[in-house]
Amino acid sequence: MTQWSGYLGLILQGALVTIELTLMGSVLALVMAFLAGMGRVSRFFIVRALATTYIEFFRGTSIFVQLFWAYFVLPFAGLSLTPLQAGVLALGLNVGAYAAEVVRGAILSIGREQYEACTALNLGRWQGMRHVILPQALLVMLPTFGNNAIELLKATSVVSLISLADLTFQSQVVRSQTGSTLMPFVSVLVIYFALALILSWGVRSLERRMARGLDGVRV
């Protein structure tokens with residue numbers, strides 16, 4: 001029993017690394033999503049082109065290849081990253097590319113009358129976007145952002161390939177040391193599911209709060 005509690009402790013240590021990766025990767029993904037998503041609706045061709053290139057590249061290539069590039073290839077360019085930094089970079093850029101299209105679609109979904117109202121109120125393009133369009137678009141984005149965050153959580157398992165001691169890596173260690181597959185992988189299954197539920201609950205709570213406060217934003 002004491003032996004298994006020690007192995008469970010290893011798995012929980014891996015869960016902390018997975019949580020760290022998820023939180024930091026989500027922050028990077030959110031930043032990239034808004035930069036690229038708003039870049040896609042920019043009036044400037046070069047901004048749209050750069051945003052589109054980023055989105056299509058990271059959606060069109062494998063997360064495995066992106067992770068290996070971040071960890072094994074970037075050092076040849078003079079940029080050495082720790083396994084945690086490489087994992088955050090690859091996950092954030094990859095999921096951010098998918099989320100950028102969510103941002104673009106949500107902005108374009110806002111009714112034309114809202115843009116016309118901004119013009120009538122003499123709001124500049126950035127003022128209207130910041131105070132009227134984005135608050136409404138964010139409510140449209142949130143459900144899909146929740147899905148993206150859960151996808152990022154599950155994708156953290158790939159960092160075990162660069163020997164980062166996340167949840168999946170530690171479960172493999174326990175499996176190799178005990179010869180048991182059931183205990184470590186049932187534990188991992190339950191932990192991933194619990195973390196996904198927490199993410200889903202957090203997004204839904206935020207969505208409800210924003211929906212209550214949205215009436216004062218529409219013009």
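Read along the sequence, the protein chain runs α-α-α-α-α-α-α-α, which comes to eight helices and zero strands. Helices (H or I, at least four residues) and strands (E, at least two) are DSSP runs here, numbered from the N terminus. The model is a predicted one, in which local features need pLDDT of at least 70, side-chain atom pairs count only at pLDDT 80 or more, and totals for chains, interfaces and linings use all residues. Residues are numbered from 1 along each chain as its sequence is written, and side-chain values use heavy atoms, with hydrogens and water left out.

Of the 219 residues in the protein chain, 41% count as buried. Buried stands for under 20% relative accessible area, exposed for over 50%, and partly exposed for anything in between (1.4 Å probe, protein chains only). The protein chain exposes about 12,100 Å², with carbon and sulfur atoms supplying 67% of that; accessible areas come from the Shrake-Rupley method with a 1.4 Å probe, and for residues only the protein chains shown count as cover. As for contacts (heavy atoms within 4.5 Å), residues 24 or more positions apart account for 77% of those in the protein chain with a separation of 6 or more.

On to the inside. A nonpolar core is a set of buried Ala, Val, Leu, Ile, Met, Phe, Trp, Tyr and Cys residues joined through side-chain atoms within 4.5 Å. The largest one has 17 residues, and Leu21, Leu91 and Val159 have the most contacts inside it. Two or more residues each come from helix 1 (2–40), helix 3 (63–73) and helix 4 (83–109), with helix 4 giving the most, at five residues. Another core lies apart from this one; its 15 residues include Ala33, Ala99, Val102 and Met129. Leaving out residues up to four places away in sequence, Leu91 touches Leu21, Ile63, Gly96, Leu152, Ala155, Thr156 and Val159.

Thr156, one of those partners of Leu91, sits in the loop between helix 6 (125–155) and helix 7 (167–178). Thr156 is buried, at a relative accessible area of 0%. Beyond its neighbours within four places in sequence, Thr156 is in contact with Thr18, Leu21, Thr22, Leu91, Asp166 and Tyr192. The Thr156 side chain also reaches the backbone oxygen of Leu153 at 2.5 Å. That is a polar contact, meaning a pair of N or O atoms within 3.5 Å; within protein, one must be able to donate a hydrogen and the other to accept it, and residues adjacent in sequence count only if both atoms are side-chain atoms.

Thr22, in helix 1, is likewise buried, with a relative accessible area of 5%. Its side chain reaches the backbone oxygen of Thr18 at 2.8 Å. With residues up to four places away set aside, Thr22 touches Ala149, Leu152, Leu153, Thr156 and Leu199. Leu28 is found in helix 1 too, but is partly exposed, at 23%. Its contacts, again skipping residues up to four places away, are Val88, Leu89, Gly92 and Leu93. Leu28 and Gly96 are 68 residues apart in sequence, yet 7.3 Å apart in space, C-alpha to C-alpha.

Phe64, Val65, Phe68, Trp69, Phe72 and Leu161 make a nonpolar surface patch of about 600 Å². Patches are made of residues with over 30% relative accessible area and no salt bridge, like charges being joined within 9 Å and nonpolar side chains (Val, Leu, Ile, Met, Phe, Trp, Tyr) within 5 Å. Trp69, in helix 3, is exposed, with a relative accessible area of 52%. Ser163, in the loop between helix 6 and helix 7, is exposed at 54%; its phi is near 65°, a positive value in a residue other than glycine.

The structure holds four salt bridges, each a side-chain nitrogen of Lys or Arg within 4 Å of a carboxyl oxygen of Asp or Glu. Glu56 and Arg59 pair at 2.9 Å, N to O; they are separated by about one helical turn because they are three residues apart in helix 2 (residues 45–60). Arg104 bridges to Glu101, with the closest N and O atoms 3.1 Å apart, and both lie in helix 4. Glu101 is buried at 19%, whereas Arg104 is partly exposed at 23%. Arg40 is linked with Glu101 and Arg104 in a network of salt bridges. In helix 6, about one turn separates Lys154 and Glu151, whose closest N and O atoms are 3.4 Å apart.
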